[in-house]
Amino acid sequence: MKIHNSLTNSKEEFVPINENEVKMYACGITVSDNAHIGHAYQALIFDVIRNYLEYIGYNVTYVRNYTDVDDKIIINARKKKENPLSYAERFIKKTNDELNALEIKSPTIQARATENIEDMISFIGKLIEKGHAYSTEDGCVYFDVSSFENYGDFSHRNIDESINGVRKEIEPGKLDERDFALWKSAGDDEIFWESPWGNGRPGWHIECSAMSMKYLGESFDIHTGGIDHIPIHHTNEIAQSEGATGKKWVNYWLHNEFLVIAKTKDGEEGGKMSKSSGNFLTLQTLVDKGYDPLDY
C-alpha cells in the first residue's frame with residue numbers, strides 16, 4: 001500500500017513500525033463552540049482510513065483528541081457565565097452525538113487535554129532540562145525555536161516566515177518572537193493548574209505531543225490533521241517532540257484539504273470553512289435536516 005506522506009511530499013510504501021500493527025493519531029476539535037461540517041469532513045476522512053487499515057488486516061490503535069481548554073473556550077464560557085470545563089464538556093458530548101449520528105466511529109482512545117495536564121507538565125520539564133525551553137518571571141514557558149536545527153523543514157519555510165499565522169503570543173519574557181508557548185500563566189479569574197512555573201494551563205501545541213506519546217509511544221506510524229496545521233501546529237509539534245526524545249517522532253503524515261463553501265448565506269464569495277470567518281455550517285444542521293450518513 002502506498003500513501004502520500006505530507007512530510008516528504010511524495011507517495012511512499014507504507015511499512016508500520018510493528019508488523020500488523022498501526023498506531024495513528026489525529027488532531028481533533030477545539031470545543032469552543034458548535035462543530036461545523038468541516039470538522040466532520042476531517043473526522044470522516046481519517047475514520048475511512050482507519051477502517052481501511054483494519055479491513056486489510058492491521059490492528060489499529062487510533063487516538064483522536066479534544067482540546068477542552070484554551071483562550072476561546074474561556075472567553076465563550078465567560079460570556080455564558082459558565083464554568084469553562086462544564087462548557088467544554090457540553091460541547092464534547094454534543095459533538096460526539098453528532099458524529100455518531102453520521103456513523104463516524106469513535107476513536108480507540110478519545111484523549112482530552114484537561115485529563116493529561118500532568119503529562120504535559122512532565123514533557124515541558126524535559127524540554128527545559130534539554131535546553132529547548134525556558135521559563136519567564138511571569139510563569140510562562142516557551143520553546144526556544146533556535147535550539148532545534150531543522151525547525152520549519154516541514155512547511156518548507158524559513159523560521160522568519162513561519163511566524164506568520166501564529167496564534168499571537170507576544171508576551172514579556174520571550175527571548176524571541178518566534179518562540180511558542182508551552183505553558184501559559186493564568187490571568188485573573190481564569191481556570192488554572194499548578195505547575196513548577198506557577199499557576200496556568202498548557203499551550204495549544206504541547207497537547208498533541210504529550211498525549212500521542214502517552215498512548216502510542218515516542219515514535220509511531222501516522223499523524224493526521226488538516227493541511228492548515230502544517231506551517232505552525234505540526235511544525236511546532238515535531239520540534240518539541242523530537243527535541244524531547246532525540247528520535248524521529250512520526251513516520252507518515254496525512255493531511256486533508258480544506259472544505260470550502262461556494263457562497264455565503266449573504267450571497268458573497270465563499271472560501272475555507274472556518275469558525276473565525278463565520279463562513280460555516282454547523283454539524284447540527286446535517287443532523288436536524290435528517291441527512292443520511294451516505295449522503296455525507
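At what angle do helix α6 (residues 204-216) and helix α7 (residues 230-245) pack, and how far apart are their axes? The model to be toured is predicted, with local features requiring pLDDT of at least 70, side-chain atom pairs counting only at pLDDT 80 or more, and totals for chains, interfaces and linings using all residues. Residues are numbered from 1 along each chain as its sequence is written, and side-chain values use heavy atoms, with hydrogens and water left out.

**First stop: α6 and α7**

Select residues 204-216 and 230-245: α6 and α7 pack at an angle of about 50°, with their axes 9 Å apart. Axes are lines fitted to C-alpha atoms, for helices over the stretch in contact, and angles run from 0 to 180 degrees between N-to-C directions. Helices are DSSP runs (H or I, at least four residues), numbered from the N terminus. The angle makes α6 oblique to α7; angles under 35 degrees count as roughly parallel, over 145 as roughly antiparallel, 65 to 115 as roughly perpendicular and the rest as oblique.

The crossing of α6 past α7 is right-handed (the near helix is turned clockwise from the far one by less than a right angle; anticlockwise is left-handed). Next, display Trp-204, His-205, Ile-206, Cys-208, Ser-209 and Met-213 of α6, which meet Ile-232, His-233, Asn-236, Glu-237, Gln-240, Ser-241 and Thr-245 of α7; contact means heavy atoms within 4.5 Å. These residues divide into five nonpolar, seven polar and one charged (Ala, Val, Leu, Ile, Met, Phe, Trp, Tyr, Cys and Pro count as nonpolar, Asp, Glu, Lys and Arg as charged, and the others, Gly among them, as polar).

**Second stop: α4 and α7**

α4 passes α7 in a left-handed crossing. Phe-123, Lys-126 and Leu-127 of α4 make the contact with Gln-240, Ser-241, Gly-243 and Ala-244 of α7. By class, this contact has three nonpolar, three polar and one charged residue.

Move to helix α2 (residues 71-79) and helix α3 (residues 84-101). Their packing angle is about 100°, and their axes lie 9 Å apart, which makes α2 roughly perpendicular to α3. Show Ile-73, Ile-74, Asn-76 and Ala-77 of α2 against Pro-84, Tyr-87 and Ala-88 of α3. Six of the contact residues are nonpolar, one is polar and none is charged.

**Last stop: the lining to which α3 contributes**

Finally, select Arg-64, Asn-96, Leu-99, Asn-100, Ile-104, Lys-105, Ser-106 and Gln-110, which line the largest cavity. Helix α3 gives the most to this lining, with three residues. The lining comprises two nonpolar, four polar and two charged residues.

Definitions and conventions:
Helix = DSSP H or I, 4+ residues; strand = E, 2+ residues; numbered from the N terminus. 1 Å grid on protein atoms, 1.4 Å probe; cavity = no way out; pocket = protein on both sides within 12 Å on 5 of 7 lines; lining within 4 Å.
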